[in-house]
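Colleague: I have a structure open and want to learn how to read it. Where do we start?

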Amino acid sequence: MYLPPHDPHVDDPMRFKPLFRIHLMERKCATVECMYGHKGPHNGHIQIVKKDEFSTKCNQTDHHRMSGGRQEEFRTWLREEWGRTLEDIFHEHMQELILMKFIYTSQYDNCLTYRRIYLPPSSPDDLIKPGLFKGTYGSHGLEIVMLSFHGKKAKGTKITGDPNIPAGQQTVEIDLAHPLQLPDIENLRDFSELSRIVLEVQEQVRREEQEQEHRQEEEDRSQQAASQPAPNPLGGEGAEGEETAAGAVETTQDKASASQPFVLPMGVISRNEDYPRACRICFYGTGLIAGHGFTSPERTPGVFVLFDDDRFGFIWLELKSFSLYSRIKVSFQNAEAPSREAFDEMLKNIQSLAT
């Protein structure tokens, strides 16, 4: 397992923690050992579920228990996961979230399902190289997000989740067709000024979506009324709109090579005060928020801030909160790790032995 660095140090490297290991002996005999807990390797099991997916199970979960009971296990987990002690955490809401995460993760006892992650394709037209990023999420700590590009949109998808927004959900969406012109550095400190700019763009986006829906309805009605399908007179107009939007994205990419001063507005909370004080370009975007258990999810307006090729930020307007993201550069291999092909073959051997 690769754990994110301790909150809020997004630029620190990922932390490596072995969870299981496989020994292939002579005559295709294999043993699986669970590495979870603090009592050393013990008996485990691996099973292939389907393509790109397998599960692990510990057969001796008593090896995970500590003499001091759940309280000692929680304190140890807190020290390893967060780099803190219980006494260091004064915020009541943060204590609640951390306890919820401990209860949720510890109940599995290393009986987990693993799914392969396919990284998004990269294009020369992308604003920056897509990939995995570590991001600050307030009291939730650091989480992993995959940034991908889809024409006029960029998306940040959660690889690790929390009690509010689970893994697999689209945490942020960036509208590359709507760059934001930030005010000068003094006016940028005024949250109400930034809010005014963002909400104006939000209203513009809403009007454009309504116009697009209206054109689509007109097109559908004209096609239904025609006895035979006729060339769509709006097709050229729509294509022109696409070309214009693409040109707008290309123009903003040219501008992204420049740099402008940046500071967070007064009242915006940031876990990491060591954010860059200069940015390349900003875009209108939306961020997903929800209650515990992913209840009442909604997309709210925000600002995507591109700092450089490896760092970006997102200002959550409604939450008055700032998330800082830093690229994961680890190759996800160590000296003992097999290749993908060797690992897949290893799993097949174990599966054939089990059957």
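**Reading the model**

Modeller: With the inventory. This is a predicted model. The protein has six helices and 18 strands. Of its 355 residues, 39% are buried.

Colleague: How do I read strand pairing, and which sense do S3 and S4 take?

Modeller: Look for the bridges. S3 (residues 20-24) and S4 (residues 30-34) pair in the antiparallel sense, over five bridges. Leu24 stands opposite Ala30 in S4. The two strands form a hairpin with five residues between them. In the turn, Arg27 has a positive phi of about 60°.

Colleague: Which strand do two bridges join to S4?

Modeller: That is S5 (residues 42-50), running antiparallel to S4. Glu33 has Asn43 in S5 as its bridge partner.

Colleague: Now salt bridges. What is the general idea?

Modeller: Side chains of opposite charge can pair when their charged atoms come close. A search of the whole structure finds 22 salt bridges.

Colleague: How far apart in helix H4 are Arg206 and Glu203?

Modeller: They are three residues apart, so about one helical turn separates them. Their closest N and O atoms are 2.3 Å apart, in a salt bridge. Arg206 is partly exposed at 36% relative accessibility. Glu203 is also partly exposed, at 30%.

Colleague: What does the salt bridge of Asp310 and Arg327 tie together?

Modeller: The closest N and O atoms of this pair are 2.7 Å apart.

Colleague: Is Arg327 buried or exposed?

Modeller: Arg327 is buried, because its relative accessible area of 11% falls under the 20% cut-off. Asp310 is partly exposed at 25%.

How values were computed
Residues are numbered from 1 along each chain as its sequence is written. This is a predicted model: local features need pLDDT of at least 70, side-chain atom pairs count only at pLDDT 80 or more; totals for chains, interfaces and linings use all residues. Side-chain values use heavy atoms; hydrogens and water are left out. Two strands pair if DSSP finds at least two bridges between them. Helices (H or I, at least four residues) and strands (E, at least two) are DSSP runs, numbered from the N terminus. Buried means under 20% relative accessible area, exposed over 50%, partly exposed in between (1.4 Å probe, protein chains only). A salt bridge is a side-chain nitrogen of Lys or Arg within 4 Å of a carboxyl oxygen of Asp or Glu.
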